[in-house]
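Biologist: Could you show me the model, so that we can go through its main features together?

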Amino acid sequence: MARPKTLLKSTTSLWMLIWIFPALYFANHDVPIQLDLALSTPSRHHPWGCEAFGRDVLMATLAGAGSSLLFAALATLLSATLAILFVASAKTWSHQAGDFLDRAIDFVLSFPTLLVSLAIVAFLKPSPATLIFALVLGSSPSLARLLSARADEVLAEAFVEAARGLGGHPLHIARRHLAPHLSGLVAIKIPAMLAGAILAEASLSFLGVGLPQGEPSWGALLLNAKDYLIEAPHLMFFTGLPLFITILILQLWGEALTRRQQNR
């Protein structure tokens, strides 16, 4: 078991060094347009080739990664924070509040996540704020359902019953006893949540309802590359490769954390 864990850590560290950190740098820099290199194949000077406007695909993908990772990270952080606050507050306030929260979560989860996000961006003007709102509303209900089940288990523990018997205020119980347990569960689910947010952002941008036109992102790059599958198939391959590897690594990290928690 030690070797797979070491390999996963090494792979993740290497990927962050050669991809994620440079992406944050290129996110603030425009990729130069060279029309004479439009749709050129990979070469020594442009290892991933050039897209329809002659921009280097590697640099464009790095620039898009900065936006995609930033929006996914913000959406994941907001989703986790809101889920913990709502679940901890409702579950400790009263049984009626907890039941109402469960029914509300069931209602939202009855709709596909992508459909909910599409409905939001369809009614609101495309903008960074709209995209984050759509990602949060699309990802937080499933996490809230998981936290709700965990909250019911914690609230049934003897130490919580003792705190209630001693007259502990619901907010004190939520902050002192419930929130730490929920935060520990969220920490395990963060990689999978981040992977889901990255994929959701890419899907919305690929459908043309994500970031405003012209903003770099992995989904927008894939949207532009689909028109050149015959003339320049390398565009779709190289723009989709970082998305695939990033989500794969995050999913593997999530599974490793889950197994580690179960073995304790």
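Predicted model: local features only at pLDDT ≥ 70, side-chain atom pairs only at ≥ 80, totals over all residues.

Biologist: How many helices and strands does the protein have?

Modeller: The protein has nine helices and zero strands. Along the sequence the pattern reads α-α-α-α-α-α-α-α-α.

Biologist: What percentage of the residues is buried?

Modeller: Of the 264 residues in the protein, 39% are buried. Helix α8 (residues 218-225) is mostly covered, with six of its eight residues buried. Those are Trp218, Gly219, Ala220, Leu221, Leu222 and Ala225.

Biologist: Turning to charges, how many salt bridges does the structure hold?

Modeller: The structure holds four salt bridges. In one of them Asp102 pairs with Arg145, and the closest N and O atoms are 3.9 Å apart. That pair links distant parts of the chain, since Asp102 is in helix α3 and Arg145 is in helix α5, 43 residues apart.

Biologist: And is Asp102 buried or exposed?

Modeller: Asp102 has a relative accessible area of 7%, so Asp102 counts as buried. Arg145 is partly exposed, because its relative accessible area is 26%, which lies between the 20% and 50% limits.

Biologist: With which residue does Asp227 form a salt bridge?

Modeller: Asp227 forms a salt bridge with Lys226, and their closest N and O atoms are 3.2 Å apart. Asp227 is partly exposed at 47% relative accessible area, and Lys226 is partly exposed at 37%.

Biologist: Which residues line the largest cavity?

Modeller: The lining consists of Val108, Leu109, Phe111, Thr113, Val116, Leu137, Gly138, Pro141 and Ser142. Helices α3 (95-109), α4 (113-123) and α5 (128-155) each give two or more residues to this lining. The largest share, four residues, comes from α5. By class, the lining has six nonpolar, three polar and no charged residues.

Biologist: Finally, which residues make the nonpolar surface patch?

Modeller: Leu78, Leu82, Leu85 and Phe86 make a nonpolar surface patch of about 380 Å². Of these, Leu85 lies in helix α2 (residues 57-93).

How values were computed: Residues numbered from 1 in each chain as written. Heavy atoms only, no water. 1 Å grid on protein atoms, 1.4 Å probe; cavity = no way out; pocket = protein on both sides within 12 Å on 5 of 7 lines; lining within 4 Å. Nonpolar A, V, L, I, M, F, W, Y, C, P; charged D, E, K, R; others polar. Patch = residues over 30% accessible without salt bridge, like charges linked within 9 Å, V, L, I, M, F, W, Y side chains within 5 Å. Areas by Shrake-Rupley, 256 points an atom, 1.4 Å probe, with all protein chains shown as cover. Salt bridge = Lys/Arg side-chain N within 4 Å of Asp/Glu carboxyl O. Buried < 20%, exposed > 50% of the residue type's maximum accessible area, 1.4 Å probe, protein only.
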